[in-house]
Amino acid sequence: MIQKNPQVSIILPTYNESKNIIDILKLIDKNIPKGILTETIVIDDNSPDGTGKIVEDYVSSIKKIAENTVDVIHRKAKNGLSSAILNGIQNAKGETIVVMDSDFSHPPQIIPKMIEAFKQYQCDLVVASRYITGGSIRGWTTKRKLMSKIATIIAKKGLGVKTKDPMSGFFAFKKNIIKELNFDALGYKFLLEILVKTKGINIKEIPYTFENRKFGSSKLDTGTVIDYFKSVWKLYINEKIKTTNEKRGSVRFLSKAGRFFSVGASGFLVNYIVTMLLTSGLSELWYLHANIFGILASISTNFILNKVWTFEDRDFSRKKILSQYGKFGLFSSLGALIQLGMVFWLVDSYDIAYPLALISAITSAAFSNFVLNKKLTFKEKLWN
Ligand SMILES: Nc1nc2c(ncn2[C@@H]2O[C@H](COP(=O)(O)OP(=O)(O)OP(=O)(O)O)[C@@H](O)[C@H]2O)c(=O)[nH]1
Ligand SMILES: [Mg+2]
């Protein structure tokens, strides 16, 4: 049988789930919608109760008959839930990833609804939610419910997350939304990291009832709570640094544009003074010749000021200066052409008043000049 690539990868982390794992794998298999090919990846951290070996045997027993595959990744030691999930995702071949616990807290009956939601709501991330209408928790003590609520409030208020159940461990997403992300995979809450680090994705929450585990013991301990606070703090600090840098980026862009235009204005003065001096003061040059010198002088002073002041470039090697000066001169001429073309076009085709046309043309030429020189002459990123 030639195995086609799966459409959906189901990530199932396990630590001491020997009493749950086979039944949950069977129930998942029963709930896979017809026509959808899946792979289930169990990530086991060398569970002392032999979960890894149990899955291994199960995989061999179903290998020849199953259309939907099951694989197991054995890790050497207990490295945390988020890092297990990340490991699973890195090995997943499906375009859609489903993440869930293996202790029956997350009912596999919800998986078809999640897959359907991608189509129905055109979304990138589906969160199975305990905290929207229709969702609930069964079997938790009041203390556990309270802890979960507090953690949820911290995530929402502290990190600005809008999702009602950002602490859910049951969710599905299109793999491409995390393509560019670097995960810390610290602690327990992988979904929270996705919610904080992806921007502008479509999210749909669907309700479900969380059932407390019946077999096996919880891995939630004081260390998990401390890890949670650490991960929220790290996400908060990283986001803060990112937004400050973004703000700094726009401030730097504007301040450089401001310097560039001031230099342009100074060039206008240089051009005027040199031309006037050459026609009436220092020599009696023909006015057009004098103007050529005026233009060359202003291009040169503009270049020097922009290199040293606007773009703070300290490479004064001859080769560098010559190549930059060449490009700068080329873009200045291009700017002049853009200006002339635009004035002609605005006045001739659109009957726009000459002063207004001139101002628009000068602004466009100056701006394109700035962008071209920033990127190509002084080799800066456009937005930094
Ligand atoms: N591979 C791996 N799996 C883990 C680790 N910690 C927890 N898990 C699994 O992740 C899922 C969630 O862990 P649980 O212990 O159920 O955590 P919980 O749902 O917050 O708490 P309870 O339901 O009360 O047990 C389960 O399938 C665990 O077996 C880990 O360090 N490594
Ligand atoms: Mg659990």
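**Figure 1. Contacts along the chain of a predicted model.** Take the contacts between residues at least 6 apart in sequence: 78% of them join residues at least 24 apart. The chain has 384 residues, and 33% of these count as buried. Its secondary structure comes to 10 helices and nine strands. The radius of gyration is 32 Å, well over the 21 Å from the globule rule for 384 residues, so the chain is more spread out than a compact globule. The C-alpha trace spans about 100 × 50 × 45 Å along its principal axes.

**Figure 2. The largest nonpolar core.** This core holds 55 residues. Five of them have the most contacts inside it: Ile11, Val98, Met114, Val126 and Phe171. Helix α6, residues 190-197, gives the core its largest share, six residues.

**Figure 3. Close-up of methionine 114.** Met114 is among the residues with the most contacts inside the largest nonpolar core. Leave aside residues up to four places away in sequence. Met114 then touches Val98, Val126, Ala128, Ala172 and Ile206. Met114 belongs to helix α4, where it is buried.

**Figure 4. Helix α4, residues 111-121.** Which residues of this helix are buried? They are Ile111, Met114, Ile115, Ala117 and Phe118. These residues cover an arc of only 150° around the axis, which puts them on the same side of α4. The face turned away from that buried side carries Lys119 and Gln120, which are exposed.

**Figure 5. The packing partners of α4.** What do the buried residues of α4 pack against? One partner is a helix, α1 (21-31). The others are the strands β1, β4 (96-99), β5 (125-129), β7 (171-174) and β8 (203-207). Glutamine 122 follows α4, and its phi is positive, near 50°.

**Figure 6. The shell around ligand 1.** How many residues surround this ligand? There are 20. The closest are Pro13, Ala84, Asp101, Ser218 and Lys219. By type, the shell divides into eight charged, six polar and six nonpolar residues.

How values were computed
Residues are numbered from 1 along each chain as its sequence is written. Chains are lettered from A and ligands numbered from 1 in the order in which they are written. This is a predicted model: local features need pLDDT of at least 70, side-chain atom pairs count only at pLDDT 80 or more; totals for chains, interfaces and linings use all residues. A residue is near a molecule or strand if its C-beta atom, placed from the backbone, lies within 6 Å of it. Ala, Val, Leu, Ile, Met, Phe, Trp, Tyr, Cys and Pro count as nonpolar, Asp, Glu, Lys and Arg as charged, and the others, Gly among them, as polar. A residue is buried if 20 or more other C-beta atoms lie within 10 Å of its own, exposed if 12 or fewer, and partly exposed in between; C-beta atoms are placed from the backbone. Helices (H or I, at least four residues) and strands (E, at least two) are DSSP runs, numbered from the N terminus. The arc is that of the directions from the helix axis to the C-beta atoms. Two residues are in contact if their C-beta atoms, placed from the backbone, lie within 7 Å. The radius of gyration is taken over C-alpha atoms; the globule rule is 2.2 Å times the number of residues to the power 0.38. A nonpolar core is a set of buried Ala, Val, Leu, Ile, Met, Phe, Trp, Tyr and Cys residues joined through C-beta atoms within 7 Å.
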